[in-house]
Amino acid sequence: MAKLTPRMRNWLEGLGAHIGTATKKGFPTVIVVDSAKVEGDNIVKFQLADAQVEQIKQNIEENPRVALGPGGLGSIRAAYQFKGSARLEGNTLIVEVNEIYCTKPGPEAALRLDVLPYESIIKFENTRWRDTGPPK
Amino acid sequence: MKLTDEMKEALSIIGGGGAVVHLTTCSADGKPNTVAERFVGVFKDEYIVIADMFAQKTRVNLFENPIGVITIAHPVKGRTWAFRGPTTILQEGLPPDYKFHGAVAKEVLDEWGNWAEKEPPSEVPPDIKPPRLVQRGVIIMKVEECYSYKPEEAGKKIL
């Protein structure tokens, strides 16, 4: 099971994510949410506006798979992609993350991180980035 | 659909007033993939181009399901736009007259096939600069629609 690090959590909570959804036949729709709440090891919750719920409701019902790309400055600094399964509870989109990838351009792009031991992911982050989250 | 001047400015590399974007593609059975792209441009007012720096999953997805969504990620500056349309990857070796939704591959590659030469990423801060801009081809989207991703009006048609 994937476990988000504090750095991942800080970026997701601070600047949210671009959330990729699709029909089961692969027609994509993306919504953008500027903050999130991470609970436990791998649950990310997003509060959606009514229009966002309307936009993705059908997709999530027929195909719960989503991809998260960190929003704002996170698109540069937090070079991760999170994939998982989502469900809607009212206006809350609840994503259970089960895959984490490094998307830093260069030799480690697409490296899957969640398959590494947790300590190795922390070590990886500490040697690739200096920050622990978005600037205050 | 023609992009506006404001859109064209946003859809250029970040050092030139443009923005980093997220490109979302998905497999034919609907598994999405969302990744940030820093080298973005516009071809003939109707297409968005992105340097293909060996995008792995994006390539697999586009070759089985040629459609994508591009969203402005940073800086947003009120440009809460999502562009959607047929998308593929063009690279050297295609037949000379190969076309993707009206765009001639050779013309696209002549203009955007060597990003490092055309728009060197000199303004990208050193700690986030790719070690070397190694480009395999050009990801190209024929923009067919643009909708707002602003939360309260998400999905509203802009173009």
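## The sheet of chain A

Four bridges join β1(A) to β5(A), and these two strands run antiparallel. Within this pairing, Ile19(A) has Leu68(A) of β5(A) as its bridge partner. The structure is a predicted model, and every value given here is to be read as computed from that model.

The pair β1(A) and β5(A) belongs to an open sheet of seven strands in chain A, whose order is β2-β1-β5-β6-β7-β4-β3 and whose pairing is antiparallel. At the edges lie β2(A) and β3(A), the latter spanning residues 37-39, and each of these edge strands pairs on one side only. From one strand to the next, the twist averages 35°. In general terms, the strands of a sheet pair through backbone hydrogen bonds, in either a parallel or an antiparallel manner.

## Packing of two helices in chain A

Two packed helices are described by the angle between their axes and by the distance between those axes. Helix α1 of chain A, residues 6-15, packs against helix α4 of chain A, residues 118-128, at an angle of about 65°, and the axes are 10 Å apart. On the α1(A) side the contact is made by Pro6(A), Arg7(A) and Met8(A), while α4(A) contributes Tyr118(A), Ile121(A), Ile122(A) and Glu125(A). By residue class, this contact of α1(A) with α4(A) divides into five nonpolar and two charged residues, with no polar ones.

## The interface between chains A and B

In the interface, 37 residues of chain A are in contact with 39 residues of chain B. The area buried between the two chains is about 3,000 Å², and carbon and sulfur atoms give 59% of that area. Between chain A and chain B there are 15 residue pairs in polar contact, counting pairs in which both residues are at pLDDT 80 or more. The residues of chain A that touch chain B divide into 15 nonpolar, 15 polar and seven charged.

## Salt bridges

Over all chains the count comes to 17 salt bridges, and the count between chain A and chain B is two. In one salt bridge, Glu99(A) is joined with Lys31(B), and the closest N and O atoms are 2.7 Å apart. This pair crosses between chains, from Glu99(A) in strand β7 of chain A, residues 92-102, to Lys31(B) in the loop of chain B between β1 (20-26) and β2 (32-37).

## Backbone features in chain B

Most residues other than glycine have a negative phi, and most peptide bonds are trans. Two places in chain B may be read against that background. A cis peptide bond joins His74(B) and Pro75(B), with omega about -10°, and Pro75(B) is found in the loop between β5 (67-74) and β6 (81-90) of chain B.

Asp45(B) has its place in the loop between β3 (40-43) and β4 (47-52) of chain B.

Key
Residues numbered from 1 in each chain as written. Chains lettered and ligands numbered in written order. Predicted model: local features only at pLDDT ≥ 70, side-chain atom pairs only at ≥ 80, totals over all residues. Heavy atoms only, no water. Contact = heavy atoms within 4.5 Å. Buried area = accessible area lost by both parts, 1.4 Å probe. Salt bridge = Lys/Arg side-chain N within 4 Å of Asp/Glu carboxyl O. Polar contact = N/O pair within 3.5 Å; in protein donor to acceptor, adjacent residues only side chain to side chain. Nonpolar A, V, L, I, M, F, W, Y, C, P; charged D, E, K, R; others polar. Pairing = 2+ DSSP bridges. Axes fitted to C-alpha atoms, helices over the stretch in contact; angles between N-to-C directions.
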